[in-house]
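We'll take it one piece after another.

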Amino acid sequence: MATAAILALGVAGPATADARRPAPAGRSTTAHGLVPVTDLFARRLLLADKVAAAKYGTDTPIDDPAREAQILTDVRARAAGLGLDPDSVAAVFRDQIEANKLVQRGLYARWDANPGERPTERPDLAEEVRPALDRITTGLLVALRETERARAVPSCGPRLAVAAGWSAHSHRLDALHLEGLGRALPSVCAGSR
Ligand SMILES: O=C(O)C(=O)C[C@]1(C(=O)O)C=C[C@@H](O)C=C1
């Protein structure tokens, strides 16, 4: 999705007048229906700052294929337990990982160019940062299950754009994290896979 489109939606915010009106019978979701998903995407992207701070200036590379495989194996198994399609859920998480790496690389470039902006503390990746990412994984699996129907209807794309704009705005994402949010979205709607 175009970053500019997300930005514009973020500035506009949700349609409050519509949100106050009761939904017509048979129409299950509101414009806010996908916010639980995009909110967790945004939170996960903000954690990329801690991941990058844990690794920057060390021998630990941004890419950790073993950790990625472990996440994808785990979410596939848990998706099946929740009655979700494992392939679809794995696609969503693969996008989250790619989005996270996009932000990490952007931060590295920023810190290389501006030494004054480099992190002053190094969080513990194993003890602090990955457990926080794991908590988001659990929340995201629940959010994907709760939005299964909303993600299967043709209006998913526009609703996702509204939700992403709202989450970008409420988490005050900068341009880099907004780009990450755009990278996080492609697999959310059932028809997009
Ligand atoms: O846990 C890490 O080391 C991260 O960099 C985070 C993360 C992720 O998004 O979960 C991203 C890149 C790595 O390849 C593995 C996992």
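The buried residues of H5 pack against H3, H4, H6 and H8. Helices here are DSSP runs of H or I with at least four residues, strands are runs of E with at least two, and both are numbered from the N terminus. Buried means that 20 or more other C-beta atoms lie within 10 Å of a residue's own; 12 or fewer makes a residue exposed, anything in between partly exposed, and the C-beta atoms are placed from the backbone. On H5, the buried list reads Val89, Val92, Phe93, Gln96, Ala99, Asn100, Leu102, Val103, Gln104 and Leu107. The helix has 28 residues and reaches 41 Å from its first C-alpha to its last, close to the 40 Å expected at 1.5 Å a residue. That expected span is 1.5 Å times one less than the number of residues.

A word on what you're looking at: this is a predicted model, in which local features need pLDDT of at least 70 and side-chain atom pairs count only at pLDDT 80 or more, while totals for chains, interfaces and linings use all residues. Numbering starts from 1 along each chain as its sequence is written.

Now zoom out. The protein chain has 8 helices and 0 strands, so to speak α-α-α-α-α-α-α-α from the N terminus on. Of its 193 residues, 33% are buried. Take the contacts (C-beta atoms, placed from the backbone, within 7 Å) between residues at least 6 apart in sequence: 82% of them join residues at least 24 apart.

What sits in the middle of the nonpolar packing? In soluble globular proteins, nonpolar side chains tend to be buried together. A nonpolar core here is a set of buried Ala, Val, Leu, Ile, Met, Phe, Trp, Tyr and Cys residues joined through C-beta atoms within 7 Å. The largest one has 43 residues, and Val37, Phe41, Leu45, Leu160, Ala163, Ala164 and Leu181 touch the most other members. Two or more residues each come from H3, H4, H5, H6, helix H7 (156-170) and helix H8 (175-184), with the largest share, 11 residues, coming from H3.

Next, the ligand. It is surrounded by 13 residues, and the closest are Val51, Asp64, Arg67, Ile97 and Asn100; a residue joins this shell if its C-beta atom, placed from the backbone, lies within 6 Å of the ligand. H4, H5 and H6 are the elements that give two or more residues to the shell, and H5 gives the largest share, 4 residues. Sorted by type, the shell has 5 nonpolar, 2 polar and 6 charged residues. For that sorting, Ala, Val, Leu, Ile, Met, Phe, Trp, Tyr, Cys and Pro are nonpolar, Asp, Glu, Lys and Arg are charged, and the others, Gly among them, are polar.

H6 (residues 125-146) deserves a look of its own. Its 22 residues should span 32 Å at 1.5 Å a residue, and the end C-alpha atoms are 30 Å apart, which agrees. There is a bend of about 25° at Pro131, taken as the angle between axes fitted to the seven residues ending there and the seven starting there. Val129, Leu133, Leu140, Leu141 and Leu144 are buried in H6, and their cover includes helix H3 (35-55), helix H4 (65-81) and helix H5 (86-113). Glu127 is also in H6, but counts as exposed because it has 9 C-beta neighbours inside 10 Å.

Follow the chain out of H6 and you reach Thr147, in the loop between H6 and H7. Not counting residues up to four places away in sequence, Thr147 touches Gly33, Leu34, Pro36 and Val37.

H7 comes next, and is mostly covered, with 11 of its 15 residues buried. Among them are Arg159, Leu160 and Trp166. Just after H7, Arg172 takes a positive phi of about 50°, although it is not a glycine. Arg172 lies in the loop between H7 and H8 and, with 10 C-beta neighbours inside 10 Å, counts as exposed.

Note on methods:
Contact = placed C-beta atoms within 7 Å.
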